[in-house]
Amino acid sequence: MSHDHSLNPETMPSEPEKATQEGKNKFIGFWFFLGGETVLFAALFGTYIALRNSTADGPTANELFGLELVFIMTILLLTSSLTSVYAMYHLKNNDFKKMQLWLGITAILGFSFLACEIYEFTHYITEFGFTFRSSAFGSAFYALVGFHGGHVTFGMAWLIALMLRNAKRGLNLYNAPKFYVFSLYWHFIDVVWVFIFTVVYLMGKVG
Amino acid sequence: MSTAASQKRGFGTVLWDYLTTVDHKKIAHLYLFGGGFFFLLGGLEALAIRIQLLQPENDFVSAGFYNEILTMHGTTMIFLAAMPLIFAIMNAVVPLQIGARDVAFPFLNSLGFWLFLFGGLLLNCSWFLGGAPDAGWTGYVPLSITSPGHGVDFYVMGLQIAGAGTLIGGINFLATIVTMRAPGMTYMRMPLFSWTTFITSILILFAFPALTVGLFLLMFDRMFGSAFFDVGLGGNAIIWQHLFWIFGHPEVYILILPLFGVFSEVISTFSKKRLFGYTAMVFATILIAFLGFMVWAHHMFAVGLGPVANSIFSLATMAIAVPTGIKIFNWLATMWGGRITINSAMLWTLGFIPTFTIGGMTGVMVASVVADYQYHDSYFVVAHFHYVIVGGTVFGIFAALHYWWPKMFGRVLNEAMGKLTFWTFFIGFHLTFFIQHFLGLMGMPRRYWTYLEGQQLDLGNQISTVGAFFMAFGVIVFVINAIYTAVKGEKAADDPWDGRTLEWSIASPPAHYNFKQMPLVRGLDALWIEKMEGKGRLTPAEPLGDIHMPNSSFLPFMMSLGLFIAGLGFIYQVNYNWAYILLFGGMAIMLGSMLARSLKDDHGYHIPKDELEREVD
Amino acid sequence: MADNTNSKDVNPFQKQKNKEEMQKQLITFALMIVFTIIAFVVVAAGVMDSMFVIPILLILAVVQVGFQFYYFMHLKDKGHDMPAVMIYGGIWAALLTLAGLGVITWW
């Protein structure tokens, strides 16, 4: 694909994210990166599983967690996953405005999730005195959920930068892979959250 | 930097060129110089260890300093010497072997190098800032938690940064091999070095995240007061051992598999034969990688995991001997009946086979749980892993350098000096480490600062130290050889060894776009096929056209510098509030550079067709 | 791909295909929400023994994640062989890591 073609928004193939060699590389490389991220989160999950009962006489998982907030957070993140699917749908239809709209909704949902998480953490710290330093369980909990939260934060910054940078010029073969790769990242964050709400919160409640 | 082009330019231009380059061939040079520097540093540390152990109750270095030296020797050799030198060879060779103009992510390739370099520098800053890490290269908790001063903090931050660089490098090679192969270059036509690079990169991808997490936990415990390893608050020290070895065992295969590829290339070229059992070699590599992930707990036999877990890991470990054996026999069978040329590259390869076999044999010995209780933490283990890592990795790196030096620098290394290096290093190596098996069996523990008289350990240690100096001599000769070659060396032909693979079909050193036209690959040993059919060169797969090339960038350097500064900030924020300036400043530089990279389009540039046509003449 | 690069509008066939794909995504999403609700309800009701609940929760999570990968991230589509290999490789390494840390850390 030649240079000029890649910048022309009037022409868009059916899979714009993979139409150029650079796009193909990004697509493949990012999937591989997610393979590595799988192991990264597995190591954090493993640490959490090993230390989940090491409460050092502090509050236990069952005492701490409230299902309502976690349910809301789960729905927020799952929905944001769907909205980013919508954004990719419009990317493939070469409809930039609608894509930006759905990405905007994704961002709002992402920020709401983060707000809930910050509220949750402050709640644990102020109400229960449950901190990163209070027990091995606390360290493992904040490390795992915090790493996920850090990924969400980074994803938000990434998304905002992408949306603002390309707001004026629309889609082309140079930025389509960037949007696509972001959506992969965002789905992966959702995948991790599915295991977090299952293993940390629900299983924490069950005991 | 012996290329003709660079000699005409000023020093400043060359420096700036290398600081900003995204060309895989120049990044290979950078990795070679960076890794080579740390290899010499690690070698000095090794000599200090051997001098200290020359005689009983020696006090050449103090006990505390000895701990720092041995920790840094291991850490430096694994992370800062062996890995980057392997990356140097991969960068120099893989894109050429698969017929690509560059790697998939030239920018990330450069970032990977600078992260490694700044990580290594940060780690070594510790020497001047209150003492180096002293908890062993494995950094076992609780020792690494309780170690006073900032030594272990430098270990954590340095390895974290260098490790990120390695992960990036691994992903880059994976994507390169998947998406950038020349027309006709199917997976089963790839030269074995490209195959082993591919498998190694998979191991990097899945192993390094475990180290990343382990280092984070250690960092949190040391710098932010968390309790992962604090038994008083319910922590567990075994978690570190698991995470470290889930990374650490695949890591030793990361260190050896690429060199298996190198030996396959060297043996096949200098035996003038197609590699025997190519398919078996590929699948043996895959099998080693697969099994390599399931054996990490054999480093933890003495921890007390229980007989069931120990037996499982013991069996899995012994199973690895099977694919490795397949490889050894295939190499021998390749040489069988071949027209063998013995030069430096081939000597290193021939030296490797028996040496590595001994290392593999002791490997099976230590894989047996009951016997391992005797060998554990003794010099037997030290001897074992030096036989595989030096006998495999270092021999392999030397073989690769002699073999590909013409392609990397356009000059052939001096043969006489090459042979001198091999013989002194080879003899020195066996002097140093063979005797250590027996020292270990006699009960000498590893990592001890000194030993007492009258325990029959004196003679063995003396022999070992003498051997170390032979090795040092060999390395010095190699360095002289490299410098001599750069100044007066014989200019290399495009195909000095009558090679079989694509890299020998282009100029030495190659033009910065590698291939003017993408070659059409018609089978394994693509160049050899064309030679046998009388043509001698590859058919182009495309008409001559514009070539798209990536732009150079200074941002990788800035990102890595930012992380380096932030690393210092993380280390010192424990004691001083001003360190937060470093922490946030460094992160700002890093994130700012990332943002700049993201916001500014980088479409690369084109080399126009007529310019390429002019170059023909 | 050259045939559909000529107009700003994606060709009708492709558009229809995208639309059908999107409908599948919506069904996927509905199923994911249902699974999530089942998981939360099972725990909130608290009527079942934990020996029984935990496998159910894990199965629900795995199925849901399968949906994410195969539908939302298009792992089912062609051209995703290598991504699938790497994700399964990652999952394999992840399982080993979890087994190591979960089973042989305390005794």
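Modeller: A helix here is a DSSP run of H or I with at least four residues, and a strand is a run of E with at least two. The model is predicted.

Biologist: What makes up residues 85–106 of chain C, helix or strand?

Modeller: Helix. The span is 86% helix and 0% strand. Its end C-alpha atoms lie 33 Å apart. For residues 52–73 of chain C, the figures are 95% helix, 0% strand and 31 Å between the end C-alpha atoms.

Biologist: How do you know which pattern chain A follows?

Modeller: Read along the sequence, chain A runs α-α-α-α-α-α-α.

Biologist: What share of chain A counts as buried?

Modeller: A residue is buried if 20 or more other C-beta atoms lie within 10 Å of its own C-beta. In chain A, 57% of the 207 residues are buried.

Biologist: How do you know which residues of chain A are in contact with chain B?

Modeller: Contact requires C-beta atoms within 7 Å. By that test, 30 residues of chain A touch 34 residues of chain B. Helix 2 (21–51) and helix 6 (136–166) of chain A each give two or more residues to that side. Helix 2 of chain A gives the most, with 15 residues.

Biologist: Which classes does that side of chain A have?

Modeller: It has 17 nonpolar, ten polar and three charged residues.

Key. Residues numbered from 1 in each chain as written. Chains lettered and ligands numbered in written order. Predicted model: local features only at pLDDT ≥ 70, side-chain atom pairs only at ≥ 80, totals over all residues. Contact = placed C-beta atoms within 7 Å. Nonpolar A, V, L, I, M, F, W, Y, C, P; charged D, E, K, R; others polar. Buried ≥ 20, exposed ≤ 12 C-beta atoms within 10 Å, placed from the backbone.
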